[in-house]
Every structure is written in structure tokens, then in C-alpha cells.
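Trainee: Could you take me through this structure? I would like to learn how to read it.

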Amino acid sequence: WVANGRLLCVFGYLLIYMIGGLQLVQKFMATSVFVIFLLLYYIACHFSKRESNHIKNRSVAAVFICLLYGLINVAIQRFGTYWYAASFMYVVPVIPFLLMATLYYKIIWQEEKKIYKILCAVCTLIAAFSQEQWIVAVICFILTVNVCKYMSGKHIKKFDALEIGLAIIGALPILTSPAAYARMENNTAFVQQSFGIRIVNNIRIIMGIFFSKDNSMYITCLLIIMFIIGIYMIKNEEGFKWLNTIFVAYTLLMEILLYVEISVRSAVNIESSIASVILSFAYVIIMSIEIVILLYQKCNFCQLGIYVASFFSLACLVIVPELPYRILLPYMYLSFGLFTYVLLIIMKDSVGVWIGLAVIVCTEKNSIYNLKNTYDGYAKNYEVHLYNDEEIRKSVEEIKNGEEITKINLYKVPDILYGGEMVYVEGFEFMKNYMDEYYDLPAEVQLIYEEMEQ
């Protein structure tokens, strides 16, 4: 832990756990997710005032952004948001990042209050001193906003240079840590590949993860929003008409392919086909160009900076050896603000309102279904976890009192999808060492897991 450079995240996680145990960590994470969506909603509403300032539209947007959380599949959440050690690195930093983005925009285009600068500087340092993807996100946001600032005729100031400097200072402990080099050295097959091959292979893997069946609910919503963006830009004659037309047709093609993969083949296996990888990668590039054009022409430089930051938080991963599902979380969380902004700008007339309501209906079905399954799955496992925890603690006390115990009989969780990997799963037997340390359990005591009777 000490060697991996992500000291601030680990310190925060351990401090909260030491103060209030698991319950405080759970409450902190629930509050963090709520604050994230509150900030995303604020940013989306703040920059859509010219197009859609009606209270009813904002109420619709509030419902929509809440539903978006339910589009993150449990396969991604279980090792991200719901695995608290990881969530302090991938999810919690969204808060200082969004605060930095909001404050930095206010400083440049609204008012240069001293308190804003102090808070912005602190948030920049915290966000950059969290995890590698957030380092890239912070730097990309600052650079993007400064490019927009320069193109708008404003001068680059000392505070802008200070922000970049703070981001670099925050990044140094992570980038120079022993673990940063160890992760490379321990992955011999990856290191032995040429730089070009690494990039090509990682693009294939990232596209496979991004367009996987486990991420299909999110991708479905993304494609709907992108289709709306394309039609909106054609209707309002924004950007390039030929590019908008290609983008709309391309989005429809991707929707058809996604439907065929899931409905007919019951799986999405993008990375197995070179053509699918190229198709997916090209779509992401064109999609990003369209988003940048839309946000730039709307002068929504804050949301533009956030999108560029989210894009490069994924793009930077083409040179790393490990690509778990949770790498998608920074991009996904930040994109929800964009989705909400798009919904708000189209709801400026009655037709747009009906389109917005239709999008919510489509989103609601997947979101509620996923959230219900997730809640039921964790609730079912919770009772077993409580029983196992009580049995182990009781046995430890008996051992301390002089009783001889060689094994403890426990139950397997009913559904392993809704939880982390268990010690009885092949390849995760090493976790017994951590359990021994956590419970102060003698290493020779065996944990016997049995199937629970239905």
C-alpha cells in the first residue's frame, strides 16, 4: 500500500475506517456518490440556462441523472464503487475534480475571488494526488479550458500556470512510486512487446470492455444521447452538416450491431474481431469530435474540459499492463453530466420535452431493473456475511479462551456476483492470509465453506 504512491486515497480510506469502522465507510461512500451527482446536475443546469431554464425541465433532468446511476452494471461496480478501497481511487476523486472544474471556470469567466483560487488550488492538488487516470484528467481539463480561454481572447495568467504546477506536484508521488515500475516489471509479457503492439492490444481490450455486454445498458443510453446530438446539430445547423449526417448514420449502425450482438448472440465480443475493434474505435473518435464541436459552439467550456478530461482518462490507458472493468468509472461518471446537459438543451420546446421524457422512459426500464437486482443480490448475501462474521469472531474468542479449534464451518454466499471474490474461489485462496490478520485468527485454522440450503 505504502509503495503504490496513491497515499492520499489510502490515508483517507484508512482514516475513515479507523474512526467509524465499516459503517462510516459505507455512509461516506453513499454521501460521496450523492455529492457527485449533485455536482454533475449543478454543472449541467448552470450551463444550459440559455436553452432550458424552466423549472419543469430541470425536474425532469434531476430524475434522469438519478436514473443514470442505475446504468452501471454490477460487474463494473463490484470492483469499483462497491469495493471501497478501489472507490477511494476511482470514484471519490470525482468530487475534488468537479469542484476544481467549477471553481476554475468561475475564476476565468466570472470573478477572481481569492477564496475561489484557494479552494480551486486545494481541489486540484487532491484530485491529481489520487490515481493515474485522475492525473491525466486534471491536466487535460486545465489545458483544454486554457486553450478555449486563449481562443476567446483572454490572456493566460500566473494562476493558470500555478494550476498546472499543482497538478504535476500532486502527480509526482504516484508516478515516481516503486509500484508504478513494479506493475510493469511484473508483467513480463506486456513489457516484452513493442510500444506499438502494446497500444494496439490495449485499444482492442479497452474497446472490448467499453462495448461489452456488461456495459450494454450504459452504451444503449450513450448511443441514444449521441443520436440526439447528431439530429440536434443538423436541425440547428451547428458544426459540419456532412459530419453530422455521417455521425447519425454511424450511431444507428452501432445501435443495430449492439442489438444484434446482445439479442441474437447473447454476448458482445468486440475485441475478438479486428473489424469490430476498428468500427468501435472509429466511432468513439467521431463521437468525441462531435461532442467537442457542440460544446465549443455552445461556449460550454467547462463541460468541454470535463469531456476532454474523461476521454483522455481512458485514452491514457493504452500504455498500462492491467485493465480491469473499474477503469471505465471516471469516464462514465463524468459523462453523466454531459448526458443531462444534452437532455436540457433539447427541451426548449414541447417536442423536445416529449423527446426528453421518451429518453427517461427508455432509461428507467434498464436502470430500475439493474438497481433492483443489485439491491436484492447484496441483500441476499448480506445475511450470510453477517453469519460468517459472527461465527469467525466467536471462534476466535473461544481460541483465546483456550479451546482447540481446527476448522470453522461457514456458508458460501448465494450469489457471488454481488460481492468481491471469496476465499473459496479458485485463485483467491491467498485471501485467507488477510482474513487471519483481520480477525486475529491462527493460520492453521481451516475455513470450510458449504453451500447454503435453499
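Mentor: Start with helix H16, residues 329-346. The model is predicted, so local features need pLDDT of at least 70, side-chain atom pairs count only at pLDDT 80 or more, and totals for chains, interfaces and linings use all residues. Residues are numbered from 1 along each chain as its sequence is written, and side-chain values use heavy atoms, without hydrogens or water.

Trainee: What span should the 18 residues of helix H16 have, at 1.5 Å a residue?

Mentor: A helix here is a DSSP run of H or I with at least four residues, numbered from the N terminus. Its expected span is 1.5 Å times one less than its number of residues. The end C-alpha atoms of H16 agree with that, so the span is 26 Å.

Trainee: How many residues of H16 are buried?

Mentor: Buried means under 20% relative accessible area; exposed means over 50%, and partly exposed lies in between (1.4 Å probe, protein chains only). H16 is mostly covered, and the buried count is 18 of 18.

Trainee: Is Phe311 buried or exposed?

Mentor: Phe311 is found in helix H15, residues 301-315. Its relative accessible area is 18%, so Phe311 is buried.

Trainee: Which residues does Phe311 touch?

Mentor: Contact means heavy atoms within 4.5 Å. Leave out residues up to four places away in sequence. Phe311 then touches Val284, Ile285, Ser288 and Tyr331.

Trainee: How many residues does helix H14 have?

Mentor: H14 covers residues 274-297. From first C-alpha to last it reaches 35 Å, close to the expected 34 Å. Its buried residues include Val284, Met287 and Ser288. The residue count of H14 is 24.

Trainee: Which residues touch the most other members of the largest nonpolar core?

Mentor: A nonpolar core is a set of buried Ala, Val, Leu, Ile, Met, Phe, Trp, Tyr and Cys residues joined through side-chain atoms within 4.5 Å. The largest one has 122 residues. Touching the most other members are Phe97, Phe141, Leu222, Met226, Met287, Tyr333 and Phe339.

Trainee: Which residues does Met287 touch?

Mentor: Again, residues up to four places away in sequence do not count. Met287 lies in H14 and is buried. Its contacts are Leu222, Met226, Phe247, Tyr307 and Tyr331.

Trainee: Which residue takes a positive phi just after H14?

Mentor: Look just past the end of the helix. The phi there is about 60°, and the residue is Cys299.

Technical notes:
Helix = DSSP H or I, 4+ residues; strand = E, 2+ residues; numbered from the N terminus.
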